[in-house]
Every structure is written in C-alpha cells, then in structure tokens.
Amino acid sequence: MSTINDKATVSLFVNGEQAEAAMERLRKSASDLDKQLQAALAAGNKKEASSLQRQLDKVNKELNRTESAAKGTGIVLNNLSNSSIGGLRNALKYLEKELRNTKPDTEQWHRYANSIKEVKGRIAELTDGLKEQRSIWAKFKDWSQSAWPAIDLLQQWGGNFVDVARGAVDAYASMDQEMANVRKFTGMTEEQVAALNEEFKKMDTRTSREELNKLAQEAGRLGKTSQEDVIGFVRAADQINVALDDLGEGATLTLSKLTGVFGDEARYGTEQSLLKVGSVINELSQNCSASAPYLADFAARMGGVGAQANMTIPQIMAFGSVLDANGLAVEASATALSQIIVRMMQEPAKYAQVAGLNIKQFSDMLKTDVNGALILFLETLSQAGGMDRLSPMFKDMGENGARAIASLTTLANHIDMVKQQQEAANTAFEEGTSVTNEFNVQNNTVQAGLDKCKKAVNDLRVELGERLAPVMGHMLSSSSAILRALLSTIQFIANHKAAIAALAAATVAYIAVINRE
C-alpha cells in the first residue's frame, strides 16, 4: 500500500508545478489558435482556417494526453492495491519522466523516487504471480506498454512529416493555380509560362513569385502575349509597386493603359514607358505634398481629354500635384480641368478676352500647344486680376462651374509651382530612373531581406510540393478506399447483426466447454 499522503499525491501530479505549467502552456496555445481560427473563418480565409484547425486539434490532443497522464498517476498512487498492471506501468512511465526533469536531492525528487519504488514493487508482486499464466495477448500488451514511447515518437514524427508534406503540396497547388491563370490571360503554353517563372526566380526582388505571376496576368489583360512584353511589364510594375507601395492594387494596370493612350508605349516599349511614368509619380510625390495614388487617379481621369489635346502624362500629373497639394479633391479637380480644356478649345475667343490675350495668337497656340496656352491663360489671368470675370463664363455649368473656378483659381495663384512641377516631371520622364533608384532603396532594407528569405523558402516548398503531389494523391485515394471498406463493413454488420450475435454466443459457449475440459 502507498504511504504517501493522498492530498500531497494529488497535488503533486495534478497541480504540481511542472505538469500544471505544461498544461497551462497548452491551454493558452489552444486559446490563441482558437481566436485565430475564428478570425480566419470570419474573414472567409478557408485555407488558413483549415491549417489553424489542424494545429488546434494537435494541441488539444497533447493537452488531453498530458492531463490524463497526470491525473491517472495520482489515482494509481492513491490506490496501488486495486490498480491494474497497465495503470501501474503508465504511472511508472510518468513518474520516471518527472524524476528526470526534477532537480536531484530535493524533497520533490525524493518523493518521485519513493513513488517509483512503490509502483515497481507492486508491479513485481503482480507479475511474479502471473509469469506461468501469461497469454500471448498479455505479452503483447506488456510489449506495447514498454514500446509506447518509441511508438508515440514515431507517431509525432509521422504527423509532423504529413503536415510538412501537406503544406508543401498546398504551396505548389497555389503556385500552379497562378501559373494556370497566366496561361489563361496571356495565351502562353505551359512550357512558356514555366520559362517565364524561371526568369522570375532570377529577379532580385522582395516580391513573391505568386505576386509576380499576378502581374503577368495583368500584362495578359492588357493584351501582351509575348514573353518579352510580359517580362518587361512585370519588371517595371514590380519596381513601381515596391518603390511606391501606397499606389494600391491595380495601379500599374491603370498606368500601363495610360502609356498606351498617350502613345508612350509605342515610342519607348512596354517596360521603359511604364518606368518613365512611375518615375514622374515618384519625383512629384517627393517634391511636394501630393500623393502617388492621387497623381495616378488624376492622370487616369484626365487621360481621354489630355490625349486628345496632345498633352503629355508629365504635364497632366504636374497639374494634379499642384491641385492635390492645395487640397482639391481628385474627382472634382480632374473633371473641372477636363471641362476647362474642352471649353477653351471650343471657345478660344471668350477665354482670350477674359485673360486679355490676342484672340488669333491664343487660338493658333491652342492648335499646337494646349499645355502652353493653358499656362499662358492662367498666368495672364492672375496678373490681370480677372478672376472675378470667370463666374459668368461658368454659370451654365452649375456645381461643375464652381469646381472649374476653384481649380482655375488655385492653378493661377500657384502658376510658378505648376511650371516647376512640369519641369521636374519632364526631367523625370526623360531620364526614367527615379522609380528604379527608389526601388533599389526599398528592395535592400532589413525587411526586404527577410521577405527575400521567405520567398526562397517558399520556392523550396513549391518544388518539394511538386514532387510530393503524386504521393499525397495516392494517400488521399487510399484513405478514401479505407473509408469505403469501413462503411461496407458497418453496413454488413447492421444487416446481419442477429446472425453475428448468435455466432458469437455459440463461440463463447464452445470456448467455455473446452476450458472446463
């Protein structure tokens, strides 16, 4: 019988420091994972939710095993004489583990040592009396008890391997889906997309290969089908996205469309034209308080009228930078400036009279240089103090007229700033290097280094997943076959339960008769 105090034993193995610390850690981990799981479910992220559920199940399993082992050991020590050999062996395994993790020659260490001695003694009493009556089944149970640590370790390793394999296959499946989308939008073959991705791997960028494939899909939406055009678009768009990370999703698609509308893509090619426009945005957003998203949106809204008026992207973005720096909303200011340009070209005499300009000279200038005529109008209007004469010109436009007057007033009052911004924008466009220089800075930060490491690891996972995908497919097929076989077995038992019960009863009776003989 155990001489250990009941309360001390229970406290030791249920609420003891080491066991309780482990269980508290597991409970906290389970709680954190559950919160993340609920957040993922609320966000509709099924892939992340599935991964979190697997992790939560694993932690709960370990928590149950730890808690069960601690409580079971306490019960055994409180009643050694009535405990089974299996319970005693489980308690012994737990006690020996706790002893190894306890500082020697302490009160708790001696308590563990005494408990181990008592449990071993009780096991010896029981096994000595059963040595001659041990059945094959009993020997197997004893072996399984002694081998359980190794089996448990193998099970954990196997579970970890399956998790790694599943994660790698998921990463490969995600990448394969993006590559399939590239084929869809560009019309490329599978081999061409694979070659394209080999080029992506060579790029020194913090952007993941999945994101690069999404940029390739944007190129396809723009009608680019050759590898040269697609890779050129991806390189330029990636530089813009990294250098101007506040532009937002789809901005490079809009900018590329602009280069087509204004004819810059035909003159400079896909990559260079996009880098030139990106350089204008980067330069202007650094020169004043104008934001990159405002400039891109303003140019997109002005694109149709600006191109028809033979203006350039740098000229239009310079106007936008001044308007944004002075707090005018992008939609209102872009609409107002577009209407002013249209009305100016339709009624040049009226605008010339308001500004006090020669009508013929102003009309001729509008035919060859709309940007120059607009700046001259604004400059002369400001000098002549004719801002009060604008109201009658726009009275028929209602709210849009008020916006037009506000835009003209702002530009006229800051005409020197407009000229400076246009000069800076033209230089940036001509050189086309500003956005590349900013990219080189943002692509070599500490965070960028971490992103590149993650990218390299993910590429390895994708390659591993590609090789493991057939194996995982076989595993899923085998699991499906086992489930079908199990279902068939259950159905068979349900359909023949009466016959099976009768056969079992007859078998038990036969065995009893044989044993009596």
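The crossing of helix 16 and helix 17 is right-handed, a crossing being right-handed if the near helix is turned clockwise from the far one by less than a right angle, and left-handed if anticlockwise. The contact is formed by Pro348, Ala349, Tyr351, Ala352 and Gln353 of helix 16 together with Ile359, Phe362, Ser363 and Leu366 of helix 17, where contact means heavy atoms within 4.5 Å. Sorted by class, the residues in the contact of helix 16 with helix 17 are seven nonpolar, two polar and no charged. In this sorting Ala, Val, Leu, Ile, Met, Phe, Trp, Tyr, Cys and Pro count as nonpolar, Asp, Glu, Lys and Arg as charged, and the others, Gly among them, as polar.

The structure is a predicted model, in which local features need pLDDT of at least 70 and side-chain atom pairs count only at pLDDT 80 or more, while totals for chains, interfaces and linings use all residues. Residues are numbered from 1 along each chain as its sequence is written, and side-chain values use heavy atoms, with hydrogens and water left out.

The protein has 24 helices and zero strands; helices (H or I, at least four residues) and strands (E, at least two) are DSSP runs, numbered from the N terminus. Of its 517 residues, 39% count as buried, where buried means under 20% relative accessible area, exposed over 50%, and partly exposed in between (1.4 Å probe, protein chains only). The protein exposes about 28300 Å², and carbon and sulfur atoms supply 54% of this area. Such areas come from the Shrake-Rupley method with a 1.4 Å probe, and for residues only the protein chains shown count as cover. Among contacts between residues at least 6 apart in sequence, 72% join residues at least 24 apart.

Two packed helices are described by the angle between their axes and the distance between the axes. Axes are lines fitted to C-alpha atoms, for helices over the stretch in contact, and angles run from 0 to 180 degrees between N-to-C directions. For helix 16 (residues 348–355) and helix 17 (residues 359–368), the angle is about 125° and the axes are 9 Å apart. Helix 16 and helix 17 are therefore oblique to each other; angles under 35 degrees count as roughly parallel, over 145 as roughly antiparallel, 65 to 115 as roughly perpendicular and the rest as oblique.

On the side of helix 10, the residues in contact are Thr254, Leu255, Leu258 and Val261, which meet Ala296, Ala299, Ala300, Gly303 and Ala307 of helix 13. Seven of these residues are nonpolar, two are polar and none is charged.

Helix 13 contributes Tyr294, Leu295, Phe298, Ala299, Met302 and Gly306, and helix 14 contributes Ile316, Met317, Phe319, Gly320, Ser321, Leu323 and Asp324. The contact of helix 13 with helix 14 comprises nine nonpolar residues, three polar residues and one charged residue.

The loop between helix 13 and helix 14 contains Asn310. Phi of Asn310 is positive, near 60°, in a residue other than glycine. Asn310 counts as exposed, at 65% relative accessibility. Most residues other than glycine have a negative phi. Asp105, also not a glycine, has a positive phi of about 65°. Asp105 lies in the loop between helix 4 (85–100) and helix 5 (107–130) and is exposed, with a relative accessible area of 62%.

Arg111 belongs to helix 5 and is partly exposed, with a relative accessible area of 25%. Arg111 and Leu99 are 12 residues apart along the chain, and their C-alpha atoms are separated by 9.1 Å.

Asp229 is located in helix 9 (residues 227–243). Its relative accessible area is 30%, and Asp229 is partly exposed. Not counting residues up to four places away in sequence, Asp229 touches Lys224 and Thr270. Asp229 and Thr270 are 41 residues apart in sequence, with a C-alpha to C-alpha distance of 6.3 Å.
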